[in-house]
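Dear colleague,

I am passing on the structure below, together with an account of what turned up when I went through it. Please read the notes with the coordinates open beside them.

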Amino acid sequence: MLLELHHIEKRYGGVAALTDGNLAVAPGEVHLLLGENGAGKSTLMKIIAGIVERDAGQMMWQGREVHLKTPSEAAAIGISMVHQESLLAPHLTVAENLYLGREERLPFGWVRRSRMMEAASRLIAEHGFPLRAEWRVEKLTPAGKQLVEICRAILHGSSLVIFDEPTSSLSGSEAAEVFRIVRTLRERKVGVIYITHRLDELGSVGDRVTILRDGRTMHTGPLVELTTGSIIRHMVGREVSALYQRNPLPPGEERLRVEHLTRRGELSDICFSLRAGEIVGMAGLIGAGRTELCRALFGVDPIDAGRISVGGRPVSIGSPKEAVKAGLALVTEDRQVTGLALRLPIAHNITLANVTAISRFGFLNGNAQNTAAADFIGRLRIRAGSPHQLAGRLSGGNQQKVVIAKWLFRQAQVFLFDEPTRGIDVGAKAEVFNLMDELAREGAAILMVSSEMPELLQVADRILVMREGRITGELPGRTTQEEIMRYAALETQPVSEERP
Ligand SMILES: Nc1ncnc2c1ncn2[C@@H]1O[C@H](COP(=O)(O)OP(=O)(O)OP(=O)(O)O)[C@@H](O)[C@H]1O
Ligand SMILES: [Mg+2]
């Protein structure tokens, strides 16, 4: 075996993140690591990669016990990791990030910089990623950052590469490139650990599976011996119907109308409307302008032309604050930047956007706040010690659930969901869809951007498709992936604001 973990334990203060983590990976094997949000997957991987130290248990590397104290110790013995949340240095270029902390691999002297750019460009081109070595990382979208993380992990010739949800923000074609990378690593006898919540991609990458539940290894075995049903049962510990059934309502009055909305270089002449009770999907490839549209509607970025009406009244939205006042809510893709106050407790985060609902005579009512928070923590199965836990201490998927809860609590007229289920486990996904359905039944209108086409087909009453900043098609909810792709496909998909 390349790597063996036995009975790994890890606590964070009062939270037991791992109580009995077991895992074995052979060279040339792609090992899938599955489990609900907060099950302990990232923690286990951080222990392997020298980012977190274990409290108890054994880690064997090529037959010898090791205690890794830093990521560079892990890198030195051949372990690298693609992180779930970007750990890149935002102000540096793509190339600089690739070599950060690994400068010893570069030639000395004044040629160094250009050689670094050259090597980075070669790697990027080899994989056909829409990146440039000289771009600054802070300008990249979440997908762009993800691709840089992947390049960084495979650049340095490791024996074990860990992928922590590498495809959660990627479109189909980029995900396909990630699968290709994984297969190449397998051919080179590199061990791979692959974490994902997208059960539809398991067959594309995996050999064996380990399933964690509540910090404990519940199952290990070949992928072929499992069904989706048995995987979910091991993950959740109960029967869950992953299926959510949407019964569309007859649409009511118009909630949002967008006419000729234009933002130079990003959005051209966007026209559509949403009616009460509707869930409208928004499909498109990365860079098609879907996130840009949500940002423009929500007043994050100014528009150059166009009209927006909410509830039949024209509105002028110059900032997110005005958007909220006009009755809009935005659940963002980039939760760490725009969605969540990491240094505040969960309860504050959930009630942040609607403080009046939990206030009496101008004073915040702490009990009302806790009751509201506890309700969402229960419904969305947010795994936390208490409503007072800091949001920054939650697992990735649980952070996303808090962002969703925050806007659901807000009771807006129009909800813009930008990749809402990114990184959310299968049980919670169904619950998010149920809550969206409930909102629609209460008269809200919902626009849901998603790169997972099966999800759009499952949830949306009708689907708008964007390409190159325009709406290129409108399809009924019961359409097919092929039909969506006909309107969405294009040659290049920029992942940076800096266009070549
Ligand atoms: N720095 C921290 N401080 C306190 N608790 C933490 C910290 N990091 C993680 N935890 C807790 O440890 C548990 C396991 O978290 P982990 O990130 O390993 O989950 P995960 O399986 O990767 O989930 P996800 O699918 O959502 O990414 C969670 O309950 C989480 O709240
Ligand atoms: Mg995680």
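How are H5 and H6 oriented to each other, roughly parallel or roughly antiparallel? Before the answer, please keep in mind that this is a predicted model. Helix H5 (residues 142-155) and helix H6 (residues 172-187) pack at an angle of about 10°, and their axes are 12 Å apart. An angle under 35 degrees counts as roughly parallel, and H5 and H6 are therefore roughly parallel to each other. On the H5 side the contact is made by Ala-143, Leu-147, Ile-150 and Ile-154, which meet Glu-174, Val-178 and Ile-181 in H6. Sorted by class, this contact of H5 with H6 holds six nonpolar residues, no polar ones and one charged residue.

Domains

The domain assignment divides the protein into domain 1 (3-236) and domain 2 (254-488), and the C-alpha centres of domain 1 and domain 2 lie 29 Å apart. Across the boundary, 22 residues of domain 1 are in contact with 23 residues of domain 2.

Ligand 1

Both domain 1 (3-236) and domain 2 (254-488) give residues to the shell around ligand 1, so the ligand lies between them. There are 19 residues around ligand 1, of which Tyr-12, Ala-17, Ser-42, Ser-395 and Gly-397 come nearest. At least two residues of the shell are supplied by each of strand E2 (15-25), helix H1 (41-48) and helix H14 (396-410). By class, the residues of the shell divide into five nonpolar, eleven polar and three charged.

The six-stranded sheet

An open sheet is formed by six strands in the order E16-E19-E20-E13-E21-E22, with mixed pairing. Its edges are taken by strand E16 (328-331) and strand E22 (470-476), each of which has a single partner strand, so one side of each is left without a neighbour in the sheet. On average, and with direction ignored, neighbouring strands of this sheet are turned by 20° against each other. Within the sheet, strand E19 (residues 414-418) and strand E20 (residues 445-449) run parallel and are joined by five bridges, and Phe-417 has Met-448 in E20 as its bridge partner. H14, which also contributes to the shell around ligand 1, packs on this sheet, where H14 touches E16 and E19 and its direction makes about 170° with that of E16. Helix H15 (residues 426-441) lies across strand E13 (279-283), E19 and E20, and runs at about 150° to E20.

Elsewhere in the sheet, strand E21 (residues 462-467) and E22 run antiparallel and are joined by six bridges, with Leu-475 in E22 as the bridge partner of Ile-463. E21 and E22 form a hairpin with two residues between them, and Glu-468 in the turn has a positive phi of about 50°.

The four-stranded sheet

A further open sheet has four strands in the order E12-E11-E14-E15, and here the pairing is antiparallel. Strand E12 (267-275) and strand E15 (313-315) stand at its edges with a single partner strand each, so one side of each is left without a neighbour in the sheet. Strand E11 (residues 254-263) pairs with E12 in the antiparallel sense over six bridges, and the bridge partners in E12 include Leu-274 for Leu-256 and Arg-275 for Glu-254. E11 and E12 form a hairpin with three residues between them, in whose turn Gly-265 has a positive phi of about 80°. E11 is also joined to E14 by five bridges, and E11 and E14 run antiparallel; Thr-262 stands opposite Ala-305 in E14.

With kind regards

Key: Residues numbered from 1 in each chain as written. Chains lettered and ligands numbered in written order. Predicted model: local features only at pLDDT ≥ 70, side-chain atom pairs only at ≥ 80, totals over all residues. Near = placed C-beta within 6 Å. Nonpolar A, V, L, I, M, F, W, Y, C, P; charged D, E, K, R; others polar. Domains from an automatic or database assignment. Axes fitted to C-alpha atoms, helices over the stretch in contact; angles between N-to-C directions. Parallel < 35°, antiparallel > 145°, perpendicular 65-115°, else oblique. Contact = placed C-beta atoms within 7 Å. Pairing = 2+ DSSP bridges.
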